[in-house]
Structure formats: C-alpha cells, structure tokens
Amino acid sequence: MAEPALTWKSRGTDRRSTRTLRVRVCAAVAALTVLAVLLVPPLAQLDQQAVDLSARLLPPSWEHPFGTDDVGRDLLLRCVYGLRVSLLVGLVAALVATVIGTAVGAAAGALGGWTDRLVMRAVDTLSSIPHLLLGVFIVALFRPGVWPVVVSVALTHWLSTARIVRAEVLSLRGRLFVDAAVSGGASRWRVAVRHLVPGVLPQAGLAAVLMIPHAMWHESALSFLGLGLPSHQASLGNLVQTARGSLLAGDWWPTLFPGLLLIVPTLAVAGLAGAWRDRLNPRRRSELTL
C-alpha cells in the first residue's frame, strides 16, 4: 500500500492575500474620506449652520442619512465639515511636527557628542510631560481657533520623530558609503545633507503618516474639553461634545456618526502606514509570513 505523499502547506500565501485585502480596504476608505471632504460640501449646496427647530433630533432617514442635531442641522453635512477640519489639523500638524522632529533628530545624530546628549535629554524631559496636558497649556495661551490647535499638536508630537530619525542617522553613520565620503574630505554638513538626511526621509515620512491619526484624536480631545475650536465651528470633537445631552436622552445618532467618522478614517490611515512600514522593513515582513 503506497504511503500518502507529504505536502508542505505554507501559510505565507494566505497571510499575504489577507494583508493585500486589508490594504485595499484601507485605501478605499481613505479615498472615500477624501472624496467626501472635497465633494459633499459643494454638491450639497446647503448651509451647515442652518437652524430648523421644527426638525430637531430627527432619526436617520433618506432625507437626513445621519439624522439631525439638537437644533435641526443636518448631521451628515456637519460631520463632513467636522472631518474636513480634523483632517486639516491632522495633516498640517503632522507635517510641522515631522519637519521639527527630523531637523532635531538629524542634528543630534549627525553632530553626536555633547550636542547629542543635550538634545536627547531635552527630548526625554519633554516626553515625560503628558501630551494632552502640555497641549492644553499651549492652547490656553491663544484664542480658540484652528491654528492654535495645529501649533499645540505640532509642538507636542515631534518627539517620537526625533528619536526615530536620530536612531536612523546613527545607523547610517556606520555605513561604508558614509565612511568613504568622510575619507574623501567631505565636510560634516555635506555628509548630513547628501547622505544622512535622504536616508532618513522614508522613516520620517512613515512617522508623519502615523502621526495623522494621533493628531486627529488629539484635536478631538481638545475640542471635546472645550479648549480647541470654538463651539459653533464644526469639528468631530465639538460634535461629540455637544451631543452628550442627546445621548443621555436616548438619541444615539448625534454621538455615533461623528465617532465613526473619527475612528474609521484613522484606522484606515493606520492600516496604510502599517503596510508602508512592512515595505520599509522586508525582514520583519518575511518573519511575519513564516
């Protein structure tokens, strides 16, 4: 009687297909979010501040897919405007924080010595302060608005990028092409600009993408506490904050839909950033598929 043939069944293919599906879903959600932010306000031709007390707290319907709030405003339009503000804060704050963190981390790693130690001790000191507490202090120095929130988020979120960039610069300093450039008489500034900074740009870009969801949540937290954007301006944090009374009265939709528009896009961005991280680190990706 012939023995059954033994076959090696690899789980790598199944995991790769699952990862590809996850990336496609995240990309589709991110694309729908951008299209909604860009197209819904001009196509709707409605005033998001229009008050209609006769239509207050209507449940979701064909006329109002997300229902209405406590003063009769269309919640779908308000959520889209709020998502636009949150994305603006997240993108600009992530860009500014990445520029600051890249400059500080690259300078610390390239200069080394006492400069590196001094800069990293300062980074450690600032990291010991909770982000939200430091952000509240910075926002309190200005009048409520979008740009104070951007400044607050940017000044409290560059620390992790500085650490990542410094570690990458220290790794690049030991490469042969850097040694060859130094042996050839290149100055420290030329080595940093021509070799070190271009080498850390992929990691810095990944840090910026990962920072966008964090910045959006930070802005929502500040607005929920009443310290971010003015209460009349739509943002996801303001929408959740103003819907607390409706939730206690049993009206769930003014809280649910802003929360979903905050959670789902941030998860999509985080999923795309995870795929980018796997591409930057093929060894980690191969270990995960074994």
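I started with tryptophan 252, which I found in the loop between helix H10 (244-248) and H11. The model is a predicted one. I looked up the exposure of tryptophan 252: relative accessibility is 41%, so the residue counts as partly exposed.

I then listed the nonpolar surface patch that includes Trp252; its other members are Trp217, Leu247, Leu256, Leu260, Ile263, Val264 and Leu267. Together they have about 720 Å² of accessible area. Helix H11 (residues 253-280) supplies the largest share, 5 residues.

Next I looked up salt bridges and got 4. Arginine 73 pairs with aspartate 69, with 2.8 Å between the closest N and O atoms; both residues are buried.

For aspartate 116 and arginine 166 I noted 2.7 Å between the closest N and O atoms. Aspartate 116 sits in helix H3 (residues 113-127) and arginine 166 in helix H6 (residues 159-173), so this pair ties together parts 50 residues apart in sequence. Aspartate 116 counts as buried because its relative accessibility is 9%, under the 20% cut-off. Arginine 166, at 22%, counts as partly exposed.

Arginine 121 and aspartate 124 form a salt bridge at 2.9 Å, and both lie in helix H3, 3 residues apart. I also noted a salt-bridge network linking Arg121, Asp124 and Arg163.

Last, I checked helix H5 (residues 146-156) and found 8 of its 11 residues buried. Among them are Val149, Val150 and Val153. I noted that their cover includes helices H2 (75-111), H4 (131-139) and H8 (188-224).

How values were computed. Residues are numbered from 1 along each chain as its sequence is written. This is a predicted model: local features need pLDDT of at least 70, side-chain atom pairs count only at pLDDT 80 or more; totals for chains, interfaces and linings use all residues. Side-chain values use heavy atoms; hydrogens and water are left out. Buried means under 20% relative accessible area, exposed over 50%, partly exposed in between (1.4 Å probe, protein chains only). Helices (H or I, at least four residues) and strands (E, at least two) are DSSP runs, numbered from the N terminus. Contact means heavy atoms within 4.5 Å. Patches are made of residues with over 30% relative accessible area and no salt bridge: like charges are joined within 9 Å, nonpolar side chains (Val, Leu, Ile, Met, Phe, Trp, Tyr) within 5 Å. Accessible areas come from the Shrake-Rupley method with a 1.4 Å probe; for residues, only the protein chains shown count as cover. A salt bridge is a side-chain nitrogen of Lys or Arg within 4 Å of a carboxyl oxygen of Asp or Glu.
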